[in-house]
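Reader: I would like to go through the terms used for this model and see what each one rests on. Please set the values against the cut-offs.

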Amino acid sequence: MQAAAIIYEEPTALAALRTRIAAAAAASRPARPAESVRLLAVSKRQSDQQVIACRRAGQQDFGENYVQEIIARIERLPADSDIEWHLIGALQSNKTAAAARHCSWVHSIDRLKTARRLAESRSSAGMEPINVCVQVNLGGEAGKGGVSAGEAGDLGEEISRLGGIRLRGLMCIPEAGAQPALLRERFSRLRSLQEEISGRCGGLDTLSMGMSSDFELAIREGSTMVRIGSALFGARSQ
């Protein structure tokens, strides 16, 4: 891969974003350290140069919507990039083996069948367990992935019994255009749900909630991982 000019002023953007994350964590009740919130850089449709610059500045966790996009990134980026890839979009059944090989995390588990296939693929490859979150559809939106709040505990308990997979927590994507009051309700509900079912699921430590437009609110409601694209990279490339 030929060296390319870095056109993204990433260190400034990343530093500013981390400052906002730290301030939101400090504003939580109780206050939390900045290190309690993990930043996931959502790189979908961003340039490889942007990803390289961001990684060189210390960002290690990157997320994409599709397994094939993660594989393409891995093939194009320098071999020493040492990126932890997170799948944040829906996982198709025929892509589970590829996800198991190339991803460190899958945030969108909403079926036991998918979790089993991931676990089996990871185990057969002799790899460490893959980290996953159960996606919860708190608004009951048709056509959106995720289980209902009432189903999350049962699915989490089943996943926690599998080898080759580690259930870390819950993920949600609130309704598009939701106002702050509804966002707070959704984020607070996911936190409460995690507290309710954690004992059944072997202990949960991750709340994947909050994106560029609402991550500070999500952090104040307990998020431990925020999925940030435009607030870090700017507008997406077409």
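Author: Gly 126 follows helix α5 and has a positive phi, near 70 degrees. The model is a predicted one.

Reader: What makes the buried residues of α5 line one face of the helix?

Author: The buried residues of α5 are Leu 112, Thr 114, Ala 115, Leu 118, Ala 119 and Arg 122. Viewed down the axis of α5, they fall within an arc of 160 degrees, so they line one face. Glu 120 and Ser 124 are exposed and sit on the face turned away from the buried side.

Reader: Which elements do the buried residues of α5 pack against?

Author: They pack against α4 (96–102), β4 (105–109), β5 (130–135), α6 (149–160) and β6 (165–171). Leu 118 is in contact with residues including Ala 99, Val 106, Val 132 and Ile 165. Leu 118 also belongs to the largest nonpolar core, of 60 residues, where Leu 118, Val 132 and Ile 159 touch the most other members. Another core lies apart from it, with seven residues, among them Leu 40, Val 42, Ile 88 and Cys 133.

Reader: Why is Glu 64 called buried?

Author: The relative accessible area of Glu 64 is 2%, and buried means under 20%; therefore Glu 64 counts as buried. Glu 64 is placed in strand β2. Leaving out residues up to four places away in sequence, Glu 64 touches Ser 43, Lys 44, Arg 73 and Trp 85, among others.

Reader: Why are Phe 62 and Trp 85 called an aromatic pair, and why is the pair called tilted?

Author: The structure holds one aromatic pair. The ring centres of Phe 62 and Trp 85 are 6.0 Å apart, and rings pair if their centres lie within 6.5 Å, so the two count as a pair. The planes are 50 degrees apart; under 30 would be stacked and over 60 edge-to-face, so the pair is tilted.

Note on methods: Residues numbered from 1 in each chain as written. Predicted model: local features only at pLDDT ≥ 70, side-chain atom pairs only at ≥ 80, totals over all residues. Heavy atoms only, no water. Helix = DSSP H or I, 4+ residues; strand = E, 2+ residues; numbered from the N terminus. Buried < 20%, exposed > 50% of the residue type's maximum accessible area, 1.4 Å probe, protein only. Contact = heavy atoms within 4.5 Å. Arc of directions from axis to C-beta. Core = buried A, V, L, I, M, F, W, Y, C linked by side-chain atoms within 4.5 Å.
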